[in-house]
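The points below are meant to be read with the model open beside them.

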Amino acid sequence: MHWLSKKRNLFVMIVPSFVIYTVYIIASVCIAVYYSFTKYTGIGKAAWNGIENYVRVFHDKFFWISLKNTGIVLILSLLTLTIFGFLLANVLRVKRRGNDLCKALIFSPSIISPIIVGIIWIYILDPEVGILNQILYKLGKEGWMQMWIGGTVLSPYMYAVIFLWRQLGYLSTIFLAGLNMIPEEIYEAAEIDGANAFQKMVYVTVPMARNTFNIVILLIITGVFKIFEFVTQLTAGGPNHLSETVVTYSYTTTFSNGEYGYGMALATVVFIITLILSEIYNLIMRDKEEEQ
Amino acid sequence: MNKKAMKRISGLILATLLLGTLTACGGNAGGKGEGAAEDGSAESGGDTVKLTFGIHIADLEKQEPQTYEVLKAFEEANPDIELEILSTSDADEQGTQMKLAAESGTLPDIFWCQYGIAKEMYDAGYIMELSDFLEYDTRVNDAIGEQLRTVGEDGSENETGEFYGLPYQKLVTGFWYNKTVFEENNIEPPHNGTTFEEFLEIVKALNEKGIVTISNGAKTTYSDWAFQAMFVRYGFLEHINAIRNGEESFVNEDFLNYFEMIDELREAGAFPSNITTQDYFQAKEAFLSGNAAMLDSGQWDSAEINERLGDQVGFWWGPTFENGVGDQNVGMQAFTNNLRVSAEVEEDQAKKDAVYRFLSFWLGEEADKIRVQYGVNPLTTVPEAGEDNKAYAAMLSAMNEEGWSGIPLQPDQIVTDVIKNTLNDAIYGVMSGIYSPQEACESLQSAQENQ
Amino acid sequence: MTNSAGSKLGRRISGIVLAIFTLIWMFPLVWMFFMSFKTNSEIYAAPLSLPQHLNLDNFARALETLNIGRMYVNTLIVAVLSVGLGFLVTFLSSYALCRMVFRNKKLQRGLLRFFQLGLMISPFILLFPIYRITVQGNLYNSIWSLVLPYIATQVSFNTLLMYNFFKGLPAEIEEAALIDGCNLPQLLGRLILPMTKPVVVTVIVFNVLYVWNEYPIASVLLRDESMYTLSMGASMFKGAYSVDNAGIIAASVLIIVPELIFYGFLQRYIVDGMVAGAVKG
């Protein structure tokens, strides 16, 4: 390979990705950070503002609320998608006639545009017009009727539910792949040792699927930070910015309020948070790997 | 993937690229445009001048037919001018797109844009100063020139006489009310001059019957028009300049009284329980289908309301307040001067001429006639109702009511985007019980300080 | 899991549970499908009811307002360009970073980490900077204004998948080819690329899904209605003074039904390919 690895070849092969990536991703981050130190309305000149924007972020109660909301969505999604995705994959593993059909159906929500997903769920979750409350009412369970969206508490939980609905099929398919790679022999060995179904799952399947869990968790985290249309469609971040996520709050501040500088400060803070999260994640994974 | 599959896929890709190039080159704008697609570029000196018209409405023909008709009529009367309509879906998106267009040199020749952004554009030299136009069209000068020259868009005194926006529409706003709902429940509907205390009684009476008094949707943040007018009755216009100068604060007695008034309405059950999850259009539908007594809205709905409710509808300016400020017999009749002209037009004489002709037509009598046909108020002529639009007739009689005068400015139109959004948030916040009046004022003050 | 006798009942039960679960899971989609036949007032007034008649008005309106055919074409063009080019450039760079020999090993590792940075960055954060870049680069309102950022957002993910995949290839392959006197393009095109099949499908599917449904970047960067993609479709019903919920739903159905059909046909490949690529990697 030495012979083919001339500098010129390497250069040609890497440069296209490198340039596009650097310009649109890296440079964008730098631009965002630059503007985060300014006051800018989108027109004219950006005025230097020092760290004032960041001080404001710290004091901004809407920011902390949006952070809390994002946290709720993240934690719920991690829990539900990993557990249910895993369980579903286990169920799907067993050879059955309807398996493929079920797999395809459950996967289909992830094909649909998120805006449309949001629209669908408005008609389910809206406290007045949505069918969830209507069904509860008809069933006589009036006490269970809630302000699923539009209230001050439940909205982030609903985002997690919708995210779950959309991603479950997709992620459980990934789990399925990972599970299918576990050799039969190990199960047979376990059976010989007298393990029952449950023990097999816990002591064989889970550890062997570690790599898959990693990928799924990574996908969940990146996915949560991509949630946008659900929020805008369901609640518009409201009422009064109480159900924003950090991503939507940064967007609203930038584009609706025309406070580009402050919006970019928020964006930079989000970026730093995701960096920290991914570092923590990497560290944990590295430790675990060393343990192994 | 074997060779065959690869070949097939590359074939598909090539085909798509070909198809794509064909569609891109050959096709006309797939939307509502008339004339060729390129924006801004003048084809002057030739036969037709192409003008671009940027508007914040996704489907002009359906949603603002009067404007659409005016544009068509202009084209018919001026066969050497072609108009291309560039739409965005709402005011927010229009703002973002216009900012982007300004920075990239692709502003439409004529476009709608609110004050906050327009001011920035003007300061940066992106839009044209328009007092020159008043010399071109003396009729418009006589009709509205004085106001344009003396009152700044932000409500303060216009010291230089310069201005950079022309009227797009008149915001005549208040409450439409459904007479049938009141009749069926034996409640006296409000009339111009009803005080707040009296109105509160009406609200309580309606609430007892389980009827929503004021249909409103918090998801559409700007749909609190009647409440903007009420804010004026609590002295918004008196205070705002001093607040902007830092001499006064948004946290003041009058404003607190205003928000407390809204809070009282909320407690009396005036607003729908799902106010936070519905938007303006749903609120309108609730009213039109008889599920609410009143709708917070304005002139633009008169045609639709007339269609659904005919002469069963009345129009009310809103309650007067004992602890209000200044003349209480005022109703919102504000021009929104949101029609802007790109500065680049100035460079091109043929374009400038075409733009001026457009503006003349837009502000002219023929255009106003079209507007009245659709139950929308004219811009430079005196309105007369047609026979068929009863809703508009109701509005006109309120406009012409003795002792009542018009408010020339709507609070959220004369402030920056940040304050506008915070103001609307504050109003809806109190309506939905999320903000206390104190918090409402404070949120405004802190937004002001952050600027 | 083995199919021993003892778990036959277990299998039955889990089968039934699966069936019920799938039905419940599909409910929102089915419901939306029904809603698309209701009129606007039916939707507000009687949410739970089934449509009175099979009302095709909504679809007519949807078709009238949206140029759906054109939007499909636009989306397809953007998808083909961005996913195709995205795959190509990341294929080259991932292979270079993985299998080729660098004088400076640190550089090699550094570049890899550099490319991975993008994994955690949410594209919304970059919206404003991307549009500044687009404006400065004079790309505004062209198809490249979308395609380039889409390629950029794929780099990190594609690199992750492909790098891991290449890592798993036995070294002998290249050695054999070299002995046969292969040059670089031949090596890549004839030998490596065909072997990359499992990842190709995964990469393409992931990225096409993303591009297909991407909204924020498209909404900010596209102005010409004639260039609108599918994701802009639903947003077009929103308007200043009137909205047509039934129309939006009908338009949504019109948009997703072909998506679902397309998915239905390719489903086996998509799922299997994802399986192979994502997890092996």
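1. B:D368 and B:R371 lie 3 residues apart in helix α16 (residues 365-373) of chain B, and are therefore separated by about one helical turn; helices here are DSSP runs of H or I with at least four residues, strands are runs of E with at least two, and both are numbered from the N terminus. The two side chains form a salt bridge in which the closest N and O atoms are 2.8 Å apart, the term being used for a side-chain nitrogen of Lys or Arg within 4 Å of a carboxyl oxygen of Asp or Glu. Both B:D368 and B:R371 are buried, where buried means under 20% relative accessible area, exposed over 50%, and partly exposed in between (1.4 Å probe, protein chains only).

2. On conventions, this is a predicted model, in which local features need pLDDT of at least 70 and side-chain atom pairs count only at pLDDT 80 or more, while totals for chains, interfaces and linings use all residues. Residues are numbered from 1 along each chain as its sequence is written, chains are lettered from A and ligands numbered from 1 in the order in which they are written, and side-chain values use heavy atoms, with hydrogens and water left out.

3. B:D132 is partly exposed, with a relative accessible area of 32%, whereas B:K352 is buried, at 12%.

4. A further pair, B:E153 and B:R340, meets in a salt bridge of 2.8 Å, N to O. This pair also links distant parts of the chain, with B:E153 in the loop between α7 (138-150) and β4 (169-178) and B:R340 in strand β9 (residues 339-341), 187 residues apart. B:E153 counts as buried at 18% relative accessibility, and B:R340 counts as buried at 0%.

5. B:N252 caps the N-terminal end, with a side-chain oxygen 3.1 Å from the backbone nitrogen of B:D254, and just after the helix B:G269 takes a positive phi of about 85°.

6. For chain B as a whole, there are 19 helices and 10 strands, and 61% of its 451 residues count as buried. Among contacts (heavy atoms within 4.5 Å) between residues at least 6 apart in sequence, 76% join residues at least 24 apart.

7. Between chain A and chain C, 98 residues of chain A are in contact with 98 residues of chain C. The two chains bury about 9,000 Å² between them, 79% of it on carbon and sulfur atoms; buried area is the accessible area (1.4 Å probe) that two parts lose on being put together, summed over both. The count of salt bridges between them is 1, formed by A:E279 and C:R113 with the closest N and O atoms 3.9 Å apart. The largest share of the chain A side, 19 residues, comes from helix α1 (residues 7-36) of chain A.

8. Within chain C, C:T75 is in helix α4 (residues 68-99) and is buried, with a relative accessible area of 2%. A polar atom of the C:T75 side chain lies 2.7 Å from the backbone oxygen of C:M71. Leaving out residues up to four places away in sequence, C:T75 touches C:W212, C:T229 and C:L230.

Definitions and conventions
Polar contact = N/O pair within 3.5 Å; in protein donor to acceptor, adjacent residues only side chain to side chain.
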